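Let me put the structure up, and then I'll talk you through a few parts of it.

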Amino acid sequence: QVQLVESGGGLVQAGGSLRLSCAASGTIFSINAMGWYRQAPAPGRQRELVAVISSEGSTKYADSVKGRFTISGDNAKGTVTLQMNSLKPDDTARYYCNAENRRYGVIRWGQGTQVTVSS
């Protein structure tokens with residue numbers, strides 16, 4: 001099994017930056033991609049993709065974060081980082097790290113870390 005531990009997050013003013021990190025342990029060899037999702041506190045809001053990076057290094061971003069957020073990592077080592085710049089109040093959410101397997105899909109979610117951006 002894979003376990004994920006997230007760190008980073010916190011409170012920042014609009015325009016500021018934060019860095020989220022996630023470290024995997026356990027059966028890291030089963031990971032083919034790692035990503036970040038977020039869920040805003042508003043009722044009915046779904047968990048949405050922020051960014052994902054594959055074992056081959058390809059990346060995918062939500063349109064809302066392109067040009068502001070950068071994902072990096074090494075799936076073989078089970079690490080992924082999300083650098084968030086030019087943060088906006090709309091970025092306020094709980095951010096979750098996940099690990100994916102090409103065959104089984106999402107195999108583990110982290111516990112989440114809160115990001116709050118004040119205006």
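**Strands and rings**

So, E7 and strand E8, which covers residues 79-84, run antiparallel and are joined by six bridges. If you want a spot to look at, find Ser-72, which stands opposite Thr-81 in E8. Keep in mind that this is a predicted model.

Now zoom out a bit. E7 and E8 belong to an open sheet of four strands, in the order E1-E3-E8-E7, with antiparallel pairing. At the edges you've got strand E1 (2-7) and strand E7 (69-74), each pairing on one side only. On average, neighbouring strands here are turned by 15 degrees against each other, ignoring direction.

E9 and E10 pair in the antiparallel sense, over four bridges. And which residue in E10 is the bridge partner of Asn-98? That's Trp-109.

The structure has one aromatic pair, and the partners are Tyr-37 and Trp-109, edge-to-face, at 5.1 Å centre to centre with 80 degrees between the planes. The pair links distant parts of the chain: Tyr-37 is in strand E4, Trp-109 in strand E10, 72 residues apart.

Are those two buried or exposed? Tyr-37 counts as buried, at 17% relative accessibility, while Trp-109 is partly exposed at 33%.

Last stop, Arg-47. Its charged end sits over the ring of Trp-109, 4.6 Å from the centre. Arg-47 also lies over the face of Tyr-96, 3.7 Å from the ring centre.

Note on methods: Residues are numbered from 1 along each chain as its sequence is written. This is a predicted model: local features need pLDDT of at least 70, side-chain atom pairs count only at pLDDT 80 or more; totals for chains, interfaces and linings use all residues. Side-chain values use heavy atoms; hydrogens and water are left out. Two strands pair if DSSP finds at least two bridges between them. Helices (H or I, at least four residues) and strands (E, at least two) are DSSP runs, numbered from the N terminus. Axes are lines fitted to C-alpha atoms, for helices over the stretch in contact, and angles run from 0 to 180 degrees between N-to-C directions. Rings of Phe, Tyr and Trp (its six-membered ring) pair if their centres lie within 6.5 Å; planes under 30 degrees apart count as stacked, over 60 as edge-to-face and the rest as tilted. Buried means under 20% relative accessible area, exposed over 50%, partly exposed in between (1.4 Å probe, protein chains only). A charge sits over a ring if NZ of Lys or CZ of Arg is within 6 Å of the ring centre and within 35 degrees of the ring normal.
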